[in-house]
Amino acid sequence: MLPDHALKRRSGRPADIISIQSQVIYGSVGNSVAVPALAKHGWHVLAVPTFLLSNTPDYLSCYGGEITDEWFCGFLRGIQERGQDIRLRAVITGYLGSISKAEHVCAWLREVAAKNPRTLIVIDPVMGDTDTGYYVDQGLGHWYRHHLLPLATGLTPNLFELGCLTGQTLTGEQDIIKAARTLLSDKTLWVVVTSATRSEKKRMLKVICVTASTVYSVEHEAHQNAPKGTGDLFTAELTAGLLHGLPLEQAVETACELTRRSVLNSLVDGTGVLDVRTPGSGEMK
């Protein structure tokens with residue numbers, strides 16, 4: 001039994017959201033963009049890093065690496081020991097990077113779901129992209145498909161990741177819709193495919209939201225040299241919208257618009273870093 005002073009320290013405001021993904025000291029990917037994006041909407045967010053880097057690896061130098069499994073499991077256990085999962089509203093997972101991280105996250109998510117089945121679990125199965133291919137162990141796809149995805153309320157893969165998860169070649173919107181629906185279940189209610197289709201001529205991208213009975217898409221302008229982390233920001237904004245009670249379609253549209261604004265702001269200021277603190281950018285429609 002914990003002493004009285006330890007119990008008192010547990011009486012603070014429990015977290016609303018746990019965000020499990022990579023983190024950088026400089027840049028706007030993973031937790032480094034998701035946490036401020038969620039916090040500006042008033043949510044109490046705890047960040048659990050899977051990797052901690054000085055910056056994204058596309059720079060000439062990059063320092064840091066994967067958090068050890070011992071530390072990572074300790075981070076998750078500490079959340080429980082501090083009572084921070086008592087009233088958890090949502091969990092977001094992004095870049096896990098390794099099969100061992102996926103195993104630990106899977107076990108922890110099962111405990112979260114058992115405590116509170118209403119917790120919104122949003123999984124971004126980060127594995128690669130059409131222009132880079134895989135940038136994780138390909139075996140991670142098996143863990144997502146058979147272990148993590150069945151725990152999710154919703155998924156936010158990009159086109160490449162949807163193909164990896166379903167083992168299908170996706171050549172058009174109907175292929176995308178059919179593939180996305182193979183990932184739905186009694187638990188997993190929606191799949192939002194980012195960068196689903198691209199029109200080079202019109203410089204447009206399409207986001208496609210798929211449920212068992214509906215399909216909804218949002219088309220937006222594609223910008224060259226957009227900062228890294230737009231998918232991480234989109235998932236955070238989508239989660240914030242859903243927690244504020246927006247219908248799924250409106251949450252998708254709002255997340256697209258807020259992400260677009262951040263990209264435009266970064267291109268204007270030339271920093272190459274997404275800015276989620278711009279006045280007015282946190283307003284939900």
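This tour moves through a predicted model, from its confidence to a helix pair and then to a strand with its two partners.

Residues are numbered from 1 along each chain as its sequence is written. Local features require pLDDT of at least 70 and side-chain atom pairs pLDDT 80 or more, while totals for chains, interfaces and linings use all residues, and side-chain values rest on heavy atoms, without hydrogens and water.

Colour the model by pLDDT, the predictor's confidence in each residue from 0 to 100. The protein averages 88, and 90% of the residues score at least 70. Next select residues 279-283, where pLDDT is below 50; this stretch has 8 contacts (heavy atoms within 4.5 Å) beyond near neighbours in sequence.

Select helix α3 (residues 69-81) and helix α4 (residues 99-115), whose axes come within 10 Å and cross at roughly 10°. The two helices are therefore roughly parallel (angles under 35 degrees). Show the side chains where they meet: F72, L76 and I79 are among those of α3, and V105 and W108 among those of α4. This contact comprises 6 nonpolar, 3 polar and 4 charged residues.

Move to strand β4 (residues 90-93). A90 and I92 point one way, V91 and T93 the other, and all are buried (under 20% relative accessible area, 1.4 Å probe, protein chains only). In a regular strand, side chains alternate between the two faces of the sheet.

Finally, select strand β5 (residues 120-123), which pairs with β4 in the parallel sense over 4 bridges. There, L120 is the bridge partner of A90.

Notes. Axes are lines fitted to C-alpha atoms, for helices over the stretch in contact, and angles run from 0 to 180 degrees between N-to-C directions. Angles under 35 degrees count as roughly parallel, over 145 as roughly antiparallel, 65 to 115 as roughly perpendicular and the rest as oblique. Ala, Val, Leu, Ile, Met, Phe, Trp, Tyr, Cys and Pro count as nonpolar, Asp, Glu, Lys and Arg as charged, and the others, Gly among them, as polar. Buried means under 20% relative accessible area, exposed over 50%, partly exposed in between (1.4 Å probe, protein chains only). Two strands pair if DSSP finds at least two bridges between them.
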